[in-house]
Amino acid sequence: MDTSLSTIAVVGLGTMGTGIAEVLALAGREVIGIDISEAAALGAVASLEASTARAVGRGQITEQERTDALARFRTSDDLRTAADAELVIEVVPETYEIKQQVFRELDAIVSPTAILATGTNALSVTRLAAESQHPERVLGLHFFNPAPAMKLVEVVSSVLTAPPAVEAVTALARELGKEPVAVGDRPGFVADGLLFGYLNQAAAMYEANYASREDIDAAMKLGCGLPMGPLALLDLIGIDTARTVLEAMYAESHDRLHAPAPVLGQLSSAGLTGRKAGRGFYTYDAPGGQAAVPDALTPAADAASGAGRDVASVGVAGSGTMASGIAEVFAKAGYDVVLAARSQEKADVAKGRIAKSLERSVTKGRLTAEARDETLARITAAGSLDAFAEVDLAVEAVAEDLEIKRQLFAALDKVCRPGAVLATTTSSLPVVAIARATARPEDVIGMHFFNPAPAMKLVEVVRTVLTADDVHATVRAVCARIRKHPVDCGDRAGFIVNALLFPYLNNAIKMVEQHYASLDDIDAAMKLGGGYPMGPFELLDVVGLDVSLAIEKVLHKEFRDPGLAPAPLLEHLVAAGCLGRKTGRGFREYARR
């Protein structure tokens, strides 16, 4: 089997095929771009010319390197021009019929030693290989879009694939400057196998009118540090493509989390397939356009406005990291803050933590010494909730335990003045159950801050069926003043972020349980292929496996979906006391401080 791979054919010159051709040509390979559409071929040449010109302008390549790369790329509408290729990569439409036809024709054209690679991200490589006269040379080579920028390449072996073929394309991927990850043949592989379940749940969340498309996307970008929100990403991928991937995943897993949300089928049938059609979940300036434009579903600028209550002073209950971070946020924004703990000593320690945080900001040049002193002066540490008697907004940030929170709210009900807004920062508990511990549930709302509160911009604003309109308006206005981005959601387990994040994390654990991929490969795949700031196992160890398990249990109890049942491996690690970084061991081991 030839391993030099100096001449490579790319069959299908859509966005992905053109991107792969560009990567190969710039890396010194002779590239034959093949497409039955003359327009697609011309478009690929134009795209390569424009892309390499931009690279020259940015100083990434020289003019000579651009000239050489363009000279190495030629196009054809005849598959027979692939005869001399040592590797053929097909990126034709995602259907078995079309791909199998390409492989059957290639069998009669290319050398018996040539490697045939499919760019599928959803179909069975084994099934495609079985149609070939030489199934041992067929494998998957899954690039990510845009191919020139994305580092991940999944190298997919079937039970029929010969090891030398895998070794050859793995070496090629490294020479291209990519990070190859070896995976087995199952729909979605690693990255898409985790990504598309998450995207599907986001579509279902939108379809259920739980939250607006804007709030769902903003929540996942700001709450998880993702480069794009899930619905905008579905529009980019193509809603029809996403549905095809999910259908293939569901056919194998029979997991309801992979059953395509009906809205995906409805949009696909209507031709509203995303950016390429000019409309999907959002509306774009033109078919193939990148800029979303206002449409009938775009919220009006004043949609969330309304008469709220005046807030000049804020009480924060708690003495942990979250409580002190929230108190710091309010004090920086000019509010008078009472920080109350179970004892004066604990309250003083919490205020001391804020002082250290502010000092770090001064050292880094983010805050002046004068602003530090003014902020700290606005915070009063108190050893009792009695200090909340005159606050306009009371924010609870104590342990994530329903009974503890209910007891605290019962106390707030007695201490706080009539008309004061009472907010809980719970991330998973039912807000209405907390509200019912008071005689004024209409004054209670959820304000879910994210950790660390001073840095994270997102606040999930959680209304119950009893929350008053002016309370909601008040909290939205307060979020604007403290420079946070509020997203509205209803009172159900996980709200937006955790309801989408933790099933994804749970599915990553299941991949490891099934010995499909390693921790390192899964983390690398999601960072390099999905743009995640942390891999799922890195994140689980940071969050804490006990915290993650508790959230998984709440989600499973609320939605009763078997697919949400916590992975046994997670339960076993928690039972063993392996809780992540805080204990020195979770999915990985850490040096104890």
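A residue counts as buried here if its relative accessible area is under 20%, as exposed if that area is over 50%, and as partly exposed in between (1.4 Å probe, protein chains only). The model is a predicted one, so local features need pLDDT of at least 70 and side-chain atom pairs count only at pLDDT 80 or more, while totals for chains, interfaces and linings use all residues. Residues are numbered from 1 along each chain as its sequence is written, and side-chain values use heavy atoms, with hydrogens and water left out.

Helix α12 is a handy place to start. Helices (H or I, at least four residues) and strands (E, at least two) are DSSP runs, numbered from the N terminus. Nine of the twelve residues of α12 are buried, leaving the helix mostly covered. Those buried residues are A323, S324, G325, I326, A327, E328, V329, F330 and A331. After α12 comes G334, with a positive phi near 100°.

Next up are the nonpolar cores, meaning sets of buried Ala, Val, Leu, Ile, Met, Phe, Trp, Tyr and Cys residues joined through side-chain atoms within 4.5 Å. The largest has 103 residues, and F281, F388 and I496 touch the most other members. Helix α18 supplies the largest share of this core, eleven residues. A second, separate core holds 34 residues, including A327, L358, L367 and F449.

Leaving aside residues up to four places away in sequence, F388 touches G315, V316, A317, V338, A340, A394, L412, V415 and C416. L231, in helix α9 (residues 230–237), is buried, with a relative accessible area of 0%.

On a 1 Å grid over the protein atoms alone, a pocket is an open set of points where a 1.4 Å probe fits, with protein on both sides within 12 Å along at least five of seven lines; lining residues have an atom within 4 Å of a point. Of its 41 lining residues, M322, H448, N451, V543 and V547 are the closest to the centre. Elements giving two or more residues to this lining include α12 (321–332) and α18 (497–513).

Definitions and conventions. Contact means heavy atoms within 4.5 Å.
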